[in-house]
Amino acid sequence: MRTPVRTVGSSPTTTVKRTSKGRQRPNLADLPTFINVQVNPDTICFSLSDGRTVTIPLAWSKLLKEATVNQRNNFTISAYNIFWDDIDEIIGVENVLFGKELYL
(Lines give C-alpha, C1' and ligand atoms only; values in the text may rest on other atoms or scores of the structure.)
Protein backbone atom coordinates (compact mmCIF):
# COMPACT_ATOMS: atom_id res chain seq x y z
CA MET A 1 0.00 0.00 0.00
CA ARG A 2 1.34 3.43 -0.90
CA THR A 3 1.04 6.54 1.23
CA PRO A 4 -0.39 9.79 -0.12
CA VAL A 5 2.30 12.31 -1.04
CA ARG A 6 2.81 15.20 1.39
CA THR A 7 4.62 18.42 0.46
CA VAL A 8 6.71 21.04 2.33
CA GLY A 9 9.19 23.86 1.45
CA SER A 10 12.81 23.96 0.18
CA SER A 11 16.36 24.79 1.39
CA PRO A 12 19.77 26.02 0.06
CA THR A 13 22.99 24.01 -0.48
CA THR A 14 24.77 22.15 2.34
CA THR A 15 27.75 23.35 4.39
CA VAL A 16 29.54 21.25 7.00
CA LYS A 17 30.87 21.84 10.56
CA ARG A 18 33.27 19.70 12.58
CA THR A 19 31.95 18.21 15.81
CA SER A 20 33.97 17.88 19.01
CA LYS A 21 34.84 14.32 17.94
CA GLY A 22 36.28 15.55 14.63
CA ARG A 23 33.38 14.30 12.53
CA GLN A 24 31.79 16.63 10.04
CA ARG A 25 28.18 17.56 10.72
CA PRO A 26 26.11 19.72 8.35
CA ASN A 27 24.20 22.80 9.42
CA LEU A 28 20.55 21.76 9.53
CA ALA A 29 19.43 24.97 7.83
CA ASP A 30 21.72 24.16 4.89
CA LEU A 31 20.28 20.69 4.27
CA PRO A 32 17.60 20.03 1.67
CA THR A 33 14.12 19.60 3.07
CA PHE A 34 11.62 16.79 2.69
CA ILE A 35 9.16 17.34 -0.15
CA ASN A 36 7.47 13.91 -0.38
CA VAL A 37 7.55 10.70 1.66
CA GLN A 38 6.26 7.33 0.52
CA VAL A 39 6.24 4.25 2.75
CA ASN A 40 6.32 0.98 0.80
CA PRO A 41 6.28 -2.60 2.13
CA ASP A 42 10.11 -2.85 2.23
CA THR A 43 11.37 0.72 1.72
CA ILE A 44 10.79 4.37 2.55
CA CYS A 45 11.26 6.81 -0.34
CA PHE A 46 12.09 10.46 0.39
CA SER A 47 11.94 13.21 -2.23
CA LEU A 48 14.13 16.17 -1.29
CA SER A 49 13.98 19.85 -2.20
CA ASP A 50 17.29 19.65 -4.10
CA GLY A 51 15.79 17.16 -6.56
CA ARG A 52 17.23 13.97 -5.06
CA THR A 53 15.16 10.94 -4.22
CA VAL A 54 16.60 8.74 -1.47
CA THR A 55 15.26 5.29 -0.68
CA ILE A 56 16.19 3.46 2.51
CA PRO A 57 15.30 -0.06 3.64
CA LEU A 58 12.40 -0.23 6.06
CA ALA A 59 14.64 -2.53 8.14
CA TRP A 60 16.76 0.50 9.12
CA SER A 61 13.95 1.35 11.53
CA LYS A 62 13.05 -1.53 13.82
CA LEU A 63 9.96 0.38 14.95
CA LEU A 64 8.66 0.91 11.42
CA LYS A 65 9.52 -2.62 10.36
CA GLU A 66 7.41 -4.00 13.23
CA ALA A 67 4.57 -1.47 12.77
CA THR A 68 1.27 -2.17 11.08
CA VAL A 69 0.56 -0.70 7.65
CA ASN A 70 -1.79 1.83 9.27
CA GLN A 71 0.90 2.89 11.76
CA ARG A 72 3.48 3.24 8.96
CA ASN A 73 1.13 5.41 6.94
CA ASN A 74 0.17 7.64 9.88
CA PHE A 75 3.00 10.17 9.83
CA THR A 76 3.50 13.92 9.94
CA ILE A 77 6.03 15.58 7.68
CA SER A 78 7.96 18.76 8.47
CA ALA A 79 10.83 20.32 6.57
CA TYR A 80 13.56 18.33 8.36
CA ASN A 81 11.78 15.44 10.10
CA ILE A 82 9.12 12.79 9.58
CA PHE A 83 7.21 11.85 12.75
CA TRP A 84 5.39 8.57 13.39
CA ASP A 85 3.72 9.47 16.71
CA ASP A 86 1.87 6.14 17.04
CA ILE A 87 5.17 4.24 17.32
CA ASP A 88 7.42 7.05 18.63
CA GLU A 89 9.71 7.13 15.57
CA ILE A 90 11.40 10.13 13.95
CA ILE A 91 13.49 10.13 10.79
CA GLY A 92 15.42 13.30 10.02
CA VAL A 93 16.84 14.50 6.74
CA GLU A 94 20.32 14.15 8.28
CA ASN A 95 19.62 10.42 8.87
CA VAL A 96 18.46 9.95 5.31
CA LEU A 97 21.48 11.70 3.78
CA PHE A 98 24.29 10.59 6.10
CA GLY A 99 23.15 7.64 8.22
CA LYS A 100 23.75 3.96 7.57
CA GLU A 101 21.21 2.90 10.15
CA LEU A 102 19.00 5.36 11.92
CA TYR A 103 20.39 6.64 15.18
CA LEU A 104 17.23 8.26 16.51
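1. How many bridges join strand 3 to strand 4? In this predicted model, strand 3 (residues 34-39) and strand 4 are joined by five bridges and run antiparallel. Within this pairing, Phe34 stands opposite Leu48 of strand 4.

2. As for burial, five of the six residues of strand 4 (residues 43-48) are buried, so the strand is largely enclosed by the rest of the structure.

3. The salt-bridge count for the model comes to one. Its partners are Asp50 and Arg52, whose closest N and O atoms are 2.6 Å apart. In general, side chains of opposite charge can pair when their charged atoms come close. Asp50 has a relative accessible area of 40% and is therefore partly exposed, since that value falls between the limits of 20% and 50%. Arg52, with a relative accessible area of 39%, is likewise partly exposed.

4. Strand 7 (81-84) and strand 8 (residues 89-92) pair in the antiparallel sense through four bridges. Asn81 stands opposite Gly92 in strand 8. The hairpin formed by strand 7 and strand 8 has four residues between them, and Asp88 in the turn shows a positive phi of about 60 degrees.

5. The largest nonpolar core contains 20 residues, of which Phe34, Ile44, Phe46, Ile82, Trp84 and Ile91 touch the most other members. At least two residues of this core are supplied by each of strand 3, strand 4, strand 5, strand 7 and helix 3 (93-98). As a general matter, nonpolar side chains in soluble globular proteins tend to be buried together.

6. Which aromatic residues pair? The structure holds two aromatic pairs. In one, the ring centres of Phe34 and Phe46 are 5.2 Å apart and the planes stand at 35 degrees, so the pair is tilted. This pair links distant parts of the chain, with Phe34 in strand 3 and Phe46 in strand 4, 12 residues apart. Both Phe34 and Phe46 are buried. In the other, Phe75 and Trp84 have ring centres 5.7 Å apart and planes at 50 degrees, so this pair is tilted as well. Phe75 and Trp84 are both buried. The angles bear on the label because planes under 30 degrees apart count as stacked and those over 60 as edge-to-face, the rest being tilted.

7. Leaving aside residues up to four places away in sequence, Phe83 touches Asn74, Phe75, Thr76, Ser78, Glu89 and Ile90. One of these contacts, Phe75, is itself buried.

Technical notes
Residues are numbered from 1 along each chain as its sequence is written. This is a predicted model: local features need pLDDT of at least 70, side-chain atom pairs count only at pLDDT 80 or more; totals for chains, interfaces and linings use all residues. Side-chain values use heavy atoms; hydrogens and water are left out. Buried means under 20% relative accessible area, exposed over 50%, partly exposed in between (1.4 Å probe, protein chains only). Two strands pair if DSSP finds at least two bridges between them. A salt bridge is a side-chain nitrogen of Lys or Arg within 4 Å of a carboxyl oxygen of Asp or Glu. A nonpolar core is a set of buried Ala, Val, Leu, Ile, Met, Phe, Trp, Tyr and Cys residues joined through side-chain atoms within 4.5 Å. Rings of Phe, Tyr and Trp (its six-membered ring) pair if their centres lie within 6.5 Å; planes under 30 degrees apart count as stacked, over 60 as edge-to-face and the rest as tilted. Contact means heavy atoms within 4.5 Å.
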